Amino acid sequence: MRVVFAAIFAALSITPARSAGTFEIAPTTVNLSPGEAGFLYVSNNGAAPVAMQIQPMDWKQGADGDVLIPSETLVASPPLLRIAPGQRQIVRVRADESGAQEADYRLLVSELPDRAKAASAVSVLLQFNIPVFVAGKPQKPDVAWSARAQNGGLRLMLQNNGSAALKIGGVAITDEKGETASVNGLTYVLPGARHEWSMPLANAASVWVGARDARSGMSLDADLSVRR
């Protein structure tokens, strides 16, 4: 049976993830080489002990977005943490991968309820969602852009034909008249997956697309004709 988990909080920046001054997790992206281990550091900056659970998940993307499935190849040790105030716990992360193509995972780092307070208080529990990439030699992006007019707007599509996930911080377009539009927000596109953005400029005959892959540092710019 396939189990799909929804992430409550996605830690996607390159700075440590923090929760109201209580938790700190670093790094917020784990990059591993095949057969090698990495480390995740979970700190408790609060005044009370905290319990945390680490769940390794296979990361796929479909038509409805991200799908996370309990992993049989990514291992996090220890899977359960109890961290005293002011202390830091080290979690060892390892993947049983030897293939040439990048393998993509997520670590769900979840706060567990305090049983002593469960009967008398309502707790807001947090979950951090950490990307994990297992890859050997860095690969250049291989992408295909397309654009079409749809429902009074413009639909911009990016197909990742490469062997590594793309990390895109935002996309901007400019039409032949010099009018511009942009979409901000961090987007990952896994190998073989496609992502779409809804944009204005529906009357454009052509657009210039400006985008950058933050993982490789390479430009993904393109000139496109708009299909109708």
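Strands, as the term is used here, are DSSP runs of type E with at least two residues, numbered from the N terminus. In this predicted model, Asn151 is found in the loop between strand 13 (143-150) and strand 14 (153-160). The backbone of Asn151 has a phi near 55°, a positive value in a residue other than glycine. Most residues other than glycine have a negative phi, and most peptide bonds are trans. Asn151 is exposed, with a relative accessible area of 78%.

Leu201 also has a positive phi, near 65°. Its place is the loop between strand 17 (194-199) and strand 18 (206-210). Leu201 counts as buried because its relative accessibility is 12%, and buried means under 20%.

Asp175 belongs to strand 15 (residues 166-175). This residue is buried yet has no salt bridge; the nearest side chain of opposite charge, that of Lys177, is 6.1 Å away. The side chain of Asp175 instead reaches backbone atoms: the nitrogen of Lys177 at 2.9 Å, and the nitrogen of Glu179, which lies 2.9 Å from a polar atom of that side chain.

Ala26 and Pro27 are joined by a cis peptide bond with omega of about -5°, and Pro27 lies in the loop between strand 3 (23-26) and strand 4 (30-32). The bond from Ser77 to Pro78 is cis, with omega near 0°; Pro78 lies in the loop between strand 8 (74-77) and strand 9 (80-83).

Note on methods
Residues are numbered from 1 along each chain as its sequence is written. This is a predicted model: local features need pLDDT of at least 70, side-chain atom pairs count only at pLDDT 80 or more; totals for chains, interfaces and linings use all residues. Side-chain values use heavy atoms; hydrogens and water are left out. Helices (H or I, at least four residues) and strands (E, at least two) are DSSP runs, numbered from the N terminus. Buried means under 20% relative accessible area, exposed over 50%, partly exposed in between (1.4 Å probe, protein chains only). Lys and Arg count as positive and Asp and Glu as negative; His and the chain ends are not counted. A salt bridge is a side-chain nitrogen of Lys or Arg within 4 Å of a carboxyl oxygen of Asp or Glu. A polar contact is a pair of N or O atoms within 3.5 Å; within protein, one must be able to donate a hydrogen and the other to accept it, and residues adjacent in sequence count only if both atoms are side-chain atoms.
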